[in-house]
Amino acid sequence: MFIEILILITSLAFLVWSADKFVFGAAAVARNFGISPMIIGLTIVAMGSSAPEMVVAATASISGAPNTAIGNALGSNITNIALVLGLTAMFKPLMVQSNTLKREIPLLLFITLIASWMLMDLDFTFTEGMLLMGGFVAFIIALLMITLKQSKQQNATDPMLIDAESEIPENVPNLHAILWLALGMILLPLSANYLVNSATFIAKAFGISDLVIGLTIIAIGTSLPELAASIASLAKKEDDLALGNIIGSNIFNILAVLALPGIIAPGTIDAEVVSRDIPFMFGITLLLFILCFSWGKRFRISRKKGAILFALFVLYQYLIFSKLAA
């Protein structure tokens, strides 16, 4: 058992590290080939924070553990809002000015509602998975078109877009960029495979469901890049990017990560998804919407709001583990 726990921790660390190197290499290669830094920031870098979840979801689904994949997607969204954003706001209140974010938060609430409705019958079909993936492609295309149009009209004054462009690596030799990209592509699926296998072994040994493993250990572990990125953005006074990383990651988790178990391994899902996890995910996403838009014209997430979100994360963990102990 000790060996399996060690493998789980090690593979999780390699998963997060290799995702970061994959994004770094891909962004550097794209920039060297003349692709706009804004486009790189909105696609490669933005999707990179969800790369661990996507690879884990695909690996778990192929391995016959779709509930682990579903738990990872739902748990990551809960963790991103309640833990990552909660701790980030407690560290320093967020003042948000980006029009892009003000448009994406209602969108996140809408697609969370759609995904919740799809799962309510406890049967996740191939068609539903394809619809979510189609929505992901449509979202990326629409985001790029709207952003390019706005950047021309407003001379790229959206704070989040400016912050995102500043994060793109510069002056990286092609050989180095390609090596980092290749290393990330090799280690990502390899570490995800070890992670899923060890998590499944531990779950069976302790009588824990695949769903709970995905909701807790894997979800928290794969959300670490968002936490690191958000705190780093705050340290640079890039509040819009800090929130943007979380909102973008959650949109990708719903449309792309959650789609994978439906496409690869459609079928019946764990009943606790409907009774506990979907209501909590939708409720905390709705709360984020209310916290961001209900206090006058200022778009601010204060320390008090961060503390509320963090307290809800603790409550959610209690709901999960109190039932296991019963």
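Modeller: A term to begin with: the bend at a residue is the angle between axes fitted to the seven residues ending there and the seven starting there. Also, this is a predicted model.

Biologist: Where is the kink in α13, and how many degrees is it?

Modeller: The kink in α13 lies at I278 and is about 30 degrees.

Biologist: What is the reach of α13 from its first C-alpha to its last?

Modeller: Helix α13 covers residues 272–293, which is 22 residues, and reaches 31 Å from end to end. That is close to the 32 Å expected at 1.5 Å a residue.

Biologist: Zooming out, how many helices and strands does the protein chain have?

Modeller: The protein chain comes to 14 helices and four strands. It has 326 residues, and 52% of them count as buried.

Biologist: What about contacts between residues at least 6 apart in sequence: what percentage join residues at least 24 apart?

Modeller: For the protein chain that figure is 88%.

Biologist: New topic. How many cavities of 30 Å³ or more are there?

Modeller: The structure holds one. The largest cavity has about 30 Å³ of space in it.

Biologist: How does one find empty space like that?

Modeller: A probe the size of a water molecule is rolled over the atoms, and this shows where empty space is left.

Biologist: Which residues line the largest cavity?

Modeller: The lining is made of P66, I70, F124, P261, A265, P266, G267, T268 and I269. Helix α4 (66–91) and strand β3 (267–268) each supply at least two residues of that lining.

Biologist: How many of the lining residues are nonpolar, polar or charged?

Modeller: Seven are nonpolar, two are polar and none is charged.

Biologist: What separates the C-alpha atoms of T200 and I213?

Modeller: Those two C-alpha atoms are 7.8 Å apart, while T200 and I213 are 13 residues apart along the chain.

Notes
Residues are numbered from 1 along each chain as its sequence is written. This is a predicted model: local features need pLDDT of at least 70, side-chain atom pairs count only at pLDDT 80 or more; totals for chains, interfaces and linings use all residues. Side-chain values use heavy atoms; hydrogens and water are left out. On a 1 Å grid over the protein atoms alone, a cavity is a set of points where a 1.4 Å probe fits but cannot get out, and a pocket is an open set with protein on both sides within 12 Å along at least five of seven lines; lining residues have an atom within 4 Å of a point. Grid points are joined across faces, edges and corners, and a volume is the space filled by probe spheres set on the points. Ala, Val, Leu, Ile, Met, Phe, Trp, Tyr, Cys and Pro count as nonpolar, Asp, Glu, Lys and Arg as charged, and the others, Gly among them, as polar. The expected span of a helix is 1.5 Å times one less than its number of residues. Buried means under 20% relative accessible area, exposed over 50%, partly exposed in between (1.4 Å probe, protein chains only). Contact means heavy atoms within 4.5 Å.
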